[in-house]
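Hi,

Here's the structure I promised to pass on. My notes on it follow below; have a look when you get a minute.

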Amino acid sequence: MIEKTRARKSTKPGAKKKGLKKSGLKKSGLKKSGLKKSGLKKLALKKSALNLAIGKEIWPSEHDVLFRPDRLKYVRKLIRTEGCVFCTAANSGPSLETLCFFKSKHSMAVLNKYPYNSGHVLVLPQGHCGDILSLSSEQFHDLNDLVREVVKALQSLYEPGGLNLGLNLGAVAGAGIPGHLHYHVIPRWTGDLNFLPLIAESKVVVENLEVSFDRLLRYFKARK
Ligand SMILES: [Zn+2]
């Protein structure tokens, strides 16, 4: 039956084409259903929405989604901290409790308590400052020297394929603690933020904070 139906349809392709040309909307069923012009408008809207969706696909950042439920608690302010955690770290020596593993003259390096990836480090001034323009030239250069030192350390210890370096100035720019500016230094590996490793039954290695802290503390103690 199926074969016959197909055969019948294929014998009259010319007739169908002619019919479409003549009657226009008739074949689409729009006249019958009473949609007419308003229906056409809706169709046009659908088409433009589709184009927009296709346009959005050119942004690769929209495809990088990492599911981190523990971080969501932090974002939703379920974990409240007393005072500025960075100032607390600045006022004490390097310790696992504050996750600060190194201090330079004006700056310090701290592990992110809610990392996006293993070895996610924050580099920041010791003083409570949310405005990069308020830093003295010496403080600014000390901060940037430490960013570079941390990159060197992470490359040596973790051998990532690349790193993300970023500074979010102000809450609207995404700063979690806008009053105390901090650079993010995040090691990256191929495929670390997509779901292909899960499908391929291989895992993204997420190192626990104690191990990361110990590795970085040792590195900075041993360096000349
Ligand atoms: Zn602070």
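Let's start with helix α9, whose buried residues are Ser-212, Phe-213 and Leu-216 (buried means 20 or more other C-beta atoms within 10 Å of a residue's own, exposed 12 or fewer, partly exposed in between, with C-beta atoms placed from the backbone). They sit on the same side of α9, because they cover an arc of only 100° around the axis, taken over the directions from the helix axis to the C-beta atoms. On the other side, Glu-210, Val-211, Asp-214, Arg-218, Lys-221 and Ala-222 are exposed. The cover over the buried residues includes β1 (100-103), β2 (107-111) and α7 (137-158). Helices (H or I, at least four residues) and strands (E, at least two) are DSSP runs, numbered from the N terminus.

This is a predicted model, where local features need pLDDT of at least 70, side-chain atom pairs count only at pLDDT 80 or more, and totals for chains, interfaces and linings use all residues. Residues are numbered from 1 along each chain as its sequence is written.

Pro-178 is in the loop between β4 (162-167) and β5 (183-188). Away from its neighbours up to four places off in sequence, Pro-178 touches Gly-130, Gly-170 and Ala-171 (contact: C-beta atoms, placed from the backbone, within 7 Å).

On confidence, mean pLDDT (the predictor's per-residue confidence, 0 to 100) is 74 for the protein. Residues 1-38 stay under 50. Where pLDDT is low, the predicted coordinates should not be read in detail.

Cheers

Conventions:
Contact = placed C-beta atoms within 7 Å.
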